[in-house]
Amino acid sequence: MHSIEHADRLSLDGTWRFQLLHRPDGVPGDAWGAAVVPGCWTMQDTWDRPIYTNVQMPFPGVPPVPPDENPTGIYERNFDLPVEWADRRVVLSIGAAESVVIVELNGDEVGLSKDSHLAAEFDVTDRLRPGLNELRLKVVKWSDATYIEDQDQWWHGGITRSVTLYATNRTYLADVAVQAGLDADASTGSLAVTVDVAWADAAQAGWRVTAGLSGPGLDQAIRLDVNVLAAPPAGHRSHAGWFAGPPRRGELEVIAESAAGLDLPAVEVAARARTLESTYAKIGAASMAAQVPGITPWSSERPVRYRLEIELVDPSGFVVDRTTSWVGFRSIRVVGNELLINGRPVLIRGVNRHDFDPGTGRVVRYEDMRADLVAMKQFGFNTVRTSHYPNDPRFLDLADEIGMYVIDEADIESHAFWGSLCDDPRYLGAWVDRVSRMVLRDRNHACVILWSLGNESGYGANHDAAAAWVRRVDPSRPLMYEGAIRFDWTAGERVTDIICPMYPSILALTSHAASGRQRGPLIMCEYSHAMGNSNGTLAEYWDAIEATPGLQGGCIWEWRDHGLDQRLADGRIRAAYGGDFGDQPNDGNFCIDGITFPDRSPKPALWEHRAIALPVRVAASSEDLARGVVLVENRADFRDLDWLTATWDLADETGSMAGGNVALPPLGPAATGHAALEGWSPPGPSTRESWLTIAFRTAGAEPWAPAAFPIGEIQLPVPPSRPAAARSTGRSNRSLVRPDGSLDLPGISDGPRLALWRAPTDNDRIGGLADAWLALGLDRLERRIEAIEDEADALLIRSTWVTGSGHQIPHEQRASQRGDGRIHVEEVVTIPTELNDLARVGTVMEFESGHDALAWYGRGPVETYPDRRRAGSIGRWESSVAAQFVPYIRPQESGGHADTRWLELRRASGGGVRIQLGRPSQVSVSHLRASDLASATHVEELVMRPATIVHLDAAHRGLGTASCGPDTLAAFVVSHGVHRWSWSLTPLAEAT
């Protein structure tokens, strides 16, 4: 494995002859089909199917034995060797194949490779013939290596990255290792380049390597020129040298005193240097170093790169080989409990990412990798963990260019055999090979800030061996591995410099940081599981991270839902999950756990992350607002505030009242200052609350966004200056009740009724709540009218609701008609102690068909919930009922809006209703009942009802992340006891 991209290449991608056998020892027949390369045969209409498992293996057995029934693809194609490649060295490069690839060329077996996510390269020079050549690739789906690729993903088979031939001269650049560090002044780069040269025969004297570095801030290119070592340098290699005295001093004596830290005479220092040079000399290598003043450091915020061109020059002065790469100068260090990038403790706002595409399975186009990174940047991420294998190398090129920190993870996960294979000597070679090949491939990338030794593979001697190799070869980056600290966050120093737990609670994080036992930066390798309607308490995690020294962020699980395109009998395409292909065993929809949908469109939780990650903070006192200024804090690590512009808007429930530009001050990183609201005048006396919204946009184009691209908003409340006047009451209230004791209200076809249940989210189901709610019968409430009584100004309806399990819930409604046409309802319910953890407590009602237009005053426009609401700005929003539906692949509770003050439903033909909440509450409006959502397994099964279903919740349970991680916080749990709420309904006149 190496880091060089050789320019003379011949692509072998395209359509190959193909047969799929049931066993590796099967014999191909005469019936050849076709397969696209790169491509998964499981996504190309073969009899083999994708299989999704998380922990369990897709077949029975124990390592290292694969099953006898083992799908095996035979790929064949011919190619013409370019005439100009005669007498050159030619290499076959297979970007990735799952899981074993065996190469035959012109009938000769060349070799095999077992790593599904790194390239396999074969020198085929001696097996080529002029003109037409015949290539066969035999790809076997399961092998002993499959046991360490158990990575919570779809199992496929095939060739998943490009196949190419490339040519070099017989003497060529074999590898280049670049270390581009940063001095303490943050403007001087330290460049160290080591080049390996391979000769056609024996090493030859007189060869040279030259290097040129150019880029921003360099008045002229930096030029380096060094000879390639062709023979061991002169020097003492036996440690038997002597230095003049008296007394005479032996070389080992000098080395010992130097090692002990003693100062040596200059002549002995020089002799020691010659000894070291001789001892560690490598034939065929050339090393160069330079200090580069005036550079701009590389970071995710400012991904400034420099062009490094390296040439191999023969003794006659002819350039034999050339390679170009991009260099980013930056430093990465662990100091105490901080990971420092360019000297600053950068918060890791990360996300885990698989190579995934809904149509191809695991074949990812360059354009889609760029789209992933662009979307990540636009939503506030600065880090990607390549779960759980090295991603396509082009992804790292893009991360260098666009600006994204990368935690590069080795292709190792033995989840089904978590604690055993890590100590199995039969897998020692695979551990070291997979880690070392990743490092050799990716070490020149500025974006890579941490090496990860894999995922969920226990901790054993194999990890120690791999870590030792990395620490020797690339000491410039820290190591990270969760398995070493899973049971003790103070352990694992030999293999991890980062405390990197999975799914810890906020309490665990803050308690450990305060314990005095923390021994390194704490960066969660996975947290906030994004399965379905999830990511509850994401803001609370970040409140703790930003307030607690030693906590430095983490990586959300994960970027995309892994729903594969599956065509249904009626021609529609749905997102399929485990079991949908008849795959057994499977782990269901646990692969549908991205913060985006399979097509990369954002889930509502992604907007929550954007709001939390906004690199600006704004605050204002009443005195500030009186002066027309706000206090701005630049939360960037390396950028001044001049890359942003801002505007302000003042609005209440009627809409925008005033607005203008914000004159942002020139603030450096972590600085604060006041910004003037241009055109601002304090609002006059009002009974309404209003909100000042500061919206930020890019001032110019970024690698990931055009100029004027919106990156987020911050809202500040402006409280009402005087209370609202009391409304009059009066009118008989008996007309508000039906004979069966239910309220008879305008436009309502069913209800209002008590609601205690929601369509379970994935977190509810997997965390056990859904079963508990069903056992209690919260989805099956029956009402028993106890009494209907006239009070002085209201009608009292006393009822008892009986759950499916027989629990009784007292309930009171007080309804009255107000002089302004409103019908006011006050409700009280007493939840018994046995029902101590409910989905919701509130009112549900259904409106007649046609109530399709929606307006509301509360958080929007995106879906929000009590423990995931910072992305929702409070304002007046207009939409449709249908647009509130969020198409989670497995249907579940969705479409809610937190802190709603009022909502309006209107008919296209005119008229409608307005519902005013007694206090800001959770509201949802839908054309689906909770039972519709709960009974469906895929979104395509849903049929929208003509009725409009409205939930008004006095209390609604938080979402949490209990499908894999902590539940919501206690503050967001709906408990037993007395719950009170009120609401008013007003008919809206038809337009005239």
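How do the residues of the lining of the second largest pocket divide into nonpolar, polar and charged? They divide into 22 nonpolar, ten polar and 15 charged. Here Ala, Val, Leu, Ile, Met, Phe, Trp, Tyr, Cys and Pro count as nonpolar, Asp, Glu, Lys and Arg as charged, and the others, Gly among them, as polar.

Two notes on the model before going on. This is a predicted model, in which local features need pLDDT of at least 70 and side-chain atom pairs count only at pLDDT 80 or more, while totals for chains, interfaces and linings use all residues. Residues are numbered from 1 along each chain as its sequence is written, and side-chain values use heavy atoms, with hydrogens and water left out.

**Stop 1: the pocket**

Select E713, I714, Q715, R870 and S873, which lie nearest the centre of the second largest pocket. Its lining has 47 residues, and its volume is about 1,000 Å³. A pocket is an open set of points on a 1 Å grid over the protein atoms alone, where a 1.4 Å probe fits, with protein on both sides within 12 Å along at least five of seven lines; lining residues have an atom within 4 Å of a point. Grid points are joined across faces, edges and corners, and the volume is the space filled by probe spheres set on the points.

**Stop 2: the whole chain**

Zoom out and colour by secondary structure: the protein chain has 13 helices and 57 strands. These are DSSP runs, numbered from the N terminus (helices H or I, at least four residues; strands E, at least two). The radius of gyration is 33 Å, close to the 30 Å that the globule rule gives for 992 residues, so the chain is as compact as a globular protein of that length. That radius is taken over C-alpha atoms, and the rule is 2.2 Å times the number of residues to the power 0.38. Along the principal axes, the C-alpha atoms fill a box of roughly 115 × 75 × 50 Å.

Of the 992 residues, 58% count as buried (buried is under 20% relative accessible area, exposed over 50%, partly exposed in between; 1.4 Å probe, protein chains only).

**Stop 3: two cis peptide bonds**

Select S387 and H388; the peptide bond between them is cis, with omega near -15 degrees. H388 is in the loop between β30 (383-385) and α4 (393-402). Next, go to G860 and P861, joined by a cis bond with omega near -5 degrees. P861 sits in the loop between β52 (851-860) and β53 (873-880).

**Stop 4: two positive phi values**

Most residues other than glycine have a negative phi. N106 has phi near 55 degrees, and its loop runs between β9 (100-105) and β10 (108-113). A708, between β44 (690-698) and β45 (710-718), has phi near 70 degrees. Which of the two is buried? N106 is, at 16% relative accessible area, whereas A708 is partly exposed at 42%.

**Stop 5: G361**

Select G361, in the loop between β29 (348-352) and α3 (366-378). G361 is buried, at 3% relative accessibility. Its contacts (heavy atoms within 4.5 Å), leaving aside neighbours within four places in sequence, are M43, H156, D355, F356 and L564. W41 is 320 residues away along the chain, yet the C-alpha atoms of W41 and G361 are separated by 9.6 Å.

**Stop 6: helix α9**

Finish with residues 604-613. Eight of the ten residues of α9 are buried, so the helix is largely enclosed by the rest of the structure. The buried residues pack against β29, α3, α8 (538-547), β36 (551-556), β39 (616-619) and β45.
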